[in-house]
Number of protein chains: 2
Amino acid sequence: MIQKEISSAVIERLPRYYRYLDELLEEGVERISSAELSRRMSVTASQIRQDLNHFGGFGQQGYGYNVQSLYNEIGKILGLDRAQNMVIVGGGRLGQALANYVRFEKRGFRVIGIFDRNPNLVGMWVRQCQIQYVGQLADFLKSHEVEIAALTIPRDEAEEVARLLVDNGIRAIWNFAHVDLNLLFPEDIVIENVHLSESLMRLSCKLNRERWQADG
Amino acid sequence: MIQKEISSAVIERLPRYYRYLDELLEEGVERISSAELSRRMSVTASQIRQDLNHFGGFGQQGYGYNVQSLYNEIGKILGLDRAQNMVIVGGGRLGQALANYVRFEKRGFRVIGIFDRNPNLVGMWVRQCQIQYVGQLADFLKSHEVEIAALTIPRDEAEEVARLLVDNGIRAIWNFAHVDLNLLFPEDIVIENVHLSESLMRLSCKLNRERWQADG
């Protein structure tokens with residue numbers, strides 16, 4: 001199978017290709033050359049050819065890529081060709097923001113449960129979901145088919161909740177808590193850490209670097 | 001100046017070092033060896049020594065790093081040694097979540113204004129800030145010292161708002177809209193893109209890869 005050979009570096013880049021292909025489809029573009037895609041995405045054309053080479057003979061010399069085929073094929077690799085259920089643990093503003101993200105639904109991700117321990121949040125409706133008490137989480141996971149969980153809770157609760165999730169069948173954790181959960185679980189549990197404060201610090205670092213360069 | 005020589009790859013890693021050093025300080029740890037830090041962070045000790053080498057003679061053979069000194073020094077590089085004002089454009093749940101993030105305040109980031117075009121949000125209080133109409137944004141930027149803006153608005157509005165921000169003195173944009181703003185501005189405008197749906201797709205991709213491997 002082709003998919004097995006795709007490197008982590010390519011996987012990192014695939015969602016961005018997918019986003020650009022989606023935009024091209026919206027614009028009604030049927031075919032695109034690696035040169036044109038290169039210009040749009042600000043990536044070298046040879047990088048693009050090398051990355052998209054994994055998806056077989058879609059790029060024909062002189063004809064470019066068939067946008068729809070490439071979009072479908074990358075979608076399959078990303079697991080977007082089927083609906084995927086998701087729970088969100090942490091019903092605060094960030095959890096609510098994720099539950100409200102229409103774009104996720106478009107990609108096949110369905111939020112089927114939101115959990116919190118705060119009684120002021122329990123019972124609140126967020127789109128089609130009512131926030132449930134976190135004590136009900138284990139039972140919910142046992143009675144529903146769901147492999148993906150988003151964690152939007154504070155750091156000191158994250159490890160315990162993550163273990164409960166994994167013990168009850170969750171295979172992939174989208175982690176917003178400030179702890180590197182990937183260090184705690186075996187490799188077959190998939191973790192994607194989103195550390196927002198680190199992202200803001202990188203921005204700040206680059207801003208300050210600009211300042212030093214301006215001074216120098 | 002040492003700082004000018006720090007590569008982008010090291011900058012990417014600095015916030016994570018900072019987070020671990022912060023945890024060590026909370027635990028009351030005064031000195032740490034590269035071997036122990038390596039174990040905690042799951043990074044090779046040689047990588048750590050190479051990265052932290054940029055910060056002068058803090059790591060002494062046999063003594064390890066002085067945690068507080070290293071924390072302070074990296075904090076300076078990250079621009080966290082001074083208060084930095086920030087505005088948020090987009091007062092929906094994600095914008096509110098960012099405004100509520102206590103951790104940012106601890107790092108010196110102060111949200112001094114939140115803006116939205118939705119009349120149902122204008123006037124709402126989010127901690128110490130009242131959401132203002134986006135039409136007041138330009139005047140606000142002219143009369144306040146602020147270089148950082150977070151953008152939590154839909155893709156089709158992002159480019160126009162980003163140009164308005166830059167025209168009125170914003171130097172760094174923390175972008176959550178699904179568009180690569182860095183391709184639109186000169187290099188002296190610092191952009192950090194956070195594409196949440198791409199992050200979720202990467203998680204899904206890895207989850208599906210696990211499935212293929214299990215089948216194979």
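Which domains does the domain assignment of chain A give? The assignment gives domain 1 (2–77) and domain 2 (84–198), with bounds that come from an automatic or database domain assignment. This is a predicted model, in which local features need pLDDT of at least 70 and side-chain atom pairs count only at pLDDT 80 or more, while totals for chains, interfaces and linings use all residues. Residues are numbered from 1 along each chain as its sequence is written, and chains are lettered from A and ligands numbered from 1 in the order in which they are written.

**Figure 1. Chain A and its two domains.** Let us start with the whole chain. The C-alpha centres of domain 1 of chain A and domain 2 of chain A are 31 Å apart, and the C-alpha trace of chain A spans about 60 × 55 × 35 Å along its principal axes. Chain A has nine helices and 10 strands; helices (H or I, at least four residues) and strands (E, at least two) are DSSP runs, numbered from the N terminus. Of the 216 residues in chain A, 36% are buried. Here a residue is buried if 20 or more other C-beta atoms lie within 10 Å of its own, exposed if 12 or fewer, and partly exposed in between, with C-beta atoms placed from the backbone. Among contacts in chain A between residues at least 6 apart in sequence, 54% join residues at least 24 apart; two residues are in contact if their C-beta atoms, placed from the backbone, lie within 7 Å.

**Figure 2. Where chain A meets chain B.** The contact takes 51 residues from chain A and 53 residues from chain B. On the side of chain A that touches chain B, the elements giving two or more residues are helix 1 (8–26), helix 5 (93–99), helix 6 (102–106), strand 9 (172–175), strand 10 (190–193) and helix 9 (196–215) of chain A. Helix 9 of chain A provides the largest share of that side, 14 residues. By residue type, this side of chain A divides into 24 nonpolar, 12 polar and 15 charged; Ala, Val, Leu, Ile, Met, Phe, Trp, Tyr, Cys and Pro count as nonpolar, Asp, Glu, Lys and Arg as charged, and the others, Gly among them, as polar.

**Figure 3. How the two copies are related.** Chain A superposes on chain B by a rotation of 180° with 0.0 Å of shift along its axis (RMSD 0.0 Å). The two copies are thus related as by a two-fold rotation axis. The superposition is by least squares on the C-alpha atoms of residues with pLDDT of at least 70 in both. Because 100% of the interface residues of chain A are also interface residues in chain B, the copies meet through the same surface.

**Figure 4. The largest nonpolar core.** A nonpolar core is a set of buried Ala, Val, Leu, Ile, Met, Phe, Trp, Tyr and Cys residues joined through C-beta atoms within 7 Å. Of the 117 residues in the largest one, A:V89, A:A149, A:L151, B:V89, B:A149 and B:L151 touch the most other members. Helix 9 (residues 196–215) of chain B gives the largest share of this core, six residues. Leaving out residues up to four places away in sequence, A:V89 touches A:F115, A:V134, A:L137, A:A149, A:L151, A:I153 and A:V161.

**Figure 5. The seven-stranded sheet of chain A.** This open sheet has the strand order 6-7-5-4-8-9-10, with mixed pairing. Its edge strands are strand 6 (125–126) and strand 10 of chain A, each of which pairs on one side only. Two strands pair if DSSP finds at least two bridges between them. Strand 5 (residues 109–116) and strand 7 (residues 129–133) of chain A pair in the parallel sense over three bridges, and A:F115 stands opposite A:Q132 in strand 7 of chain A.

Figure 6. Strand 9 and strand 10 of chain A pair in the parallel sense over four bridges, and A:N193 in strand 10 is the bridge partner of A:N175.

**Figure 7. A close look at A:L165.** A:L165 sits in helix 8 (residues 155–167) of chain A. This leucine counts as buried because A:L165 has 24 C-beta neighbours inside 10 Å. Apart from neighbours within four places in sequence, A:L165 is in contact with A:A149, A:I170 and A:I173.
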